[in-house]
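Welcome, and thank you for opening the viewer. Let's walk through this structure one selection at a time.

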Amino acid sequence: MIDNNKYDVIIIGGSYAGFSAAMALGRSLRKVLIIDSGKPCNHQTPYSHNFITHDGKKPSDINAKAKKQVLKYPTVTFLNAKATKALKTKNGFDIATEKGDVFTSRKLLFTTGLKDIFPEINGFAECWGISILHCPYCHGYEVKNEKTGIIANGAIGYEFTKMISNWTKDLTVFTNGKTTLTEEQTAILKKNNVAVVENEIDYFLHNEGKLMSIVFKDGTKTAIKALYAKPPFEQHSLLPQELGCEITEQGLIKVDTFQKTTIAGIYAAGDNSTFGRSLALAVSSGSVAGALINKELIEEDFV
């Protein structure tokens, strides 16, 4: 229930970083509103790994449990909505939702995550997070020693292949077009029995997101069990930029070690401001943000 529209902190984005921050703030007796539209980037991932005490659990189950625990704190409120407008005011911020509701807060935290931009290859989106993977620490153990591919090129493809070779030696680099690997990189890959395939990819043959083979535009195909990729991304929400928050060359919200953005009173945590896209790091950064926001509020009031 929304009893009135004034809060100490509004958190836009209610996933792992957002709930972690809300717990720190709720335990600090702060009045908090979490606004979340329910579209986490890992919604398709069947299981979460490398997150201590939650290894092998469904992300949706972890999220639901986090929400339940956070909302036990009476000063924390959750609103299922999409924040569409944000305005910096003399005393803080005004946040409007798509339904026209307006809420005010002294501080603002964005835990809005990122949106991956998939290549226009049939089957990629359906396999993302299931058998087309982004992080070996999150998913590599489950496909260890399997026939694995890297869809990348140049220096990124070389370095990514080097990393994945820790989990399997049955590796192929798919450049999806002419290779931009250097002669030296190609020679080292060959020395380590890593093939380089330049054929352009037509589509991915899969069964409910589980890869079976890569089909190329020349009609040939190759069986594959898992594929690693690093698709480009964009901010899931444009509100931080509209408020003037600086964005790095890599497309992330610029924050300091305390999760502060370049705009006073605005913080960011989770995937939107770090390269380490994992649940554990999101929870950690959210906890830091919650504690530092509370500290800033104390400093302002204790005069």
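Start by selecting leucine 279, which is found in helix H8. Keep in mind that this is a predicted model.

Is leucine 279 buried or exposed? Its relative accessible area is 14%, and buried means under 20%, so leucine 279 counts as buried. Now show what surrounds this residue: leaving aside neighbours within four places in sequence, leucine 279 is in contact with Tyr16, Asn42, Ser48, Phe51 and Ile62.

**The largest nonpolar core**

In soluble globular proteins, nonpolar side chains tend to be buried together. Here, select Val9, Ile11, Val32, Ile34, Leu109 and Ile293, the residues with the most contacts inside the largest nonpolar core, which has 25 residues. Elements that each supply at least two residues of this core include strand E1 (6-12), helix H1 (16-26), strand E2 (32-36) and helix H8 (279-301). Elsewhere there is a second, separate core of 21 residues, which includes Ala83, Ile95, Leu243 and Ile253.

Go back to valine 9 and display its contacts. Not counting residues up to four places away in sequence, valine 9 touches Leu25, Lys31, Val32, Leu33, Ser105, Lys107, Ile293 and Leu297.

**Helix H1**

Next, select H1. How many of its 11 residues are buried? The count is 10, so H1 is mostly covered. Among the buried residues are Tyr16, Phe19, Ala22 and Leu25.

Keep E6 selected and bring in its neighbours in turn.

- E1 runs parallel to E6, and six bridges join them; lysine 6 has threonine 104 in E6 as its bridge partner.
- Strand E5 (residues 93-97) pairs with E6 in the antiparallel sense over four bridges, and aspartate 94 stands opposite threonine 104.
- Strand E17 (residues 266-268) runs parallel to E6, joined by three bridges; here leucine 108 has isoleucine 266 as its bridge partner.

**A three-stranded sheet**

Now select E12, E13 and E14, which form an open sheet in that order with antiparallel pairing. Why is one side of strand E12 (201-207) and of strand E14 (221-223) left without a neighbour in the sheet? Both stand at the edges, each with a single partner strand, so one side of each has no neighbour there. On average, neighbouring strands of this sheet are turned by 25° against each other, direction ignored. Strand E13 (residues 210-216) pairs with E14 over three bridges, and isoleucine 214 stands opposite threonine 222.

**Two helices side by side**

For the last stop, select helix H5 (residues 154-164) and helix H6 (residues 183-191), whose axes come within 11 Å and cross at roughly 25°. That angle makes H5 roughly parallel to H6. The crossing is left-handed. Finish by showing the side where they meet: Gly154, Ala155, Tyr158 and Thr161 in H5 face Gln185, Ile188 and Leu189 in H6 as contacts.

Note on methods
Residues numbered from 1 in each chain as written. Predicted model: local features only at pLDDT ≥ 70, side-chain atom pairs only at ≥ 80, totals over all residues. Heavy atoms only, no water. Core = buried A, V, L, I, M, F, W, Y, C linked by side-chain atoms within 4.5 Å. Buried < 20%, exposed > 50% of the residue type's maximum accessible area, 1.4 Å probe, protein only. Contact = heavy atoms within 4.5 Å. Pairing = 2+ DSSP bridges. Axes fitted to C-alpha atoms, helices over the stretch in contact; angles between N-to-C directions. Parallel < 35°, antiparallel > 145°, perpendicular 65-115°, else oblique. Left-handed = near helix turned anticlockwise from the far one by under 90°.
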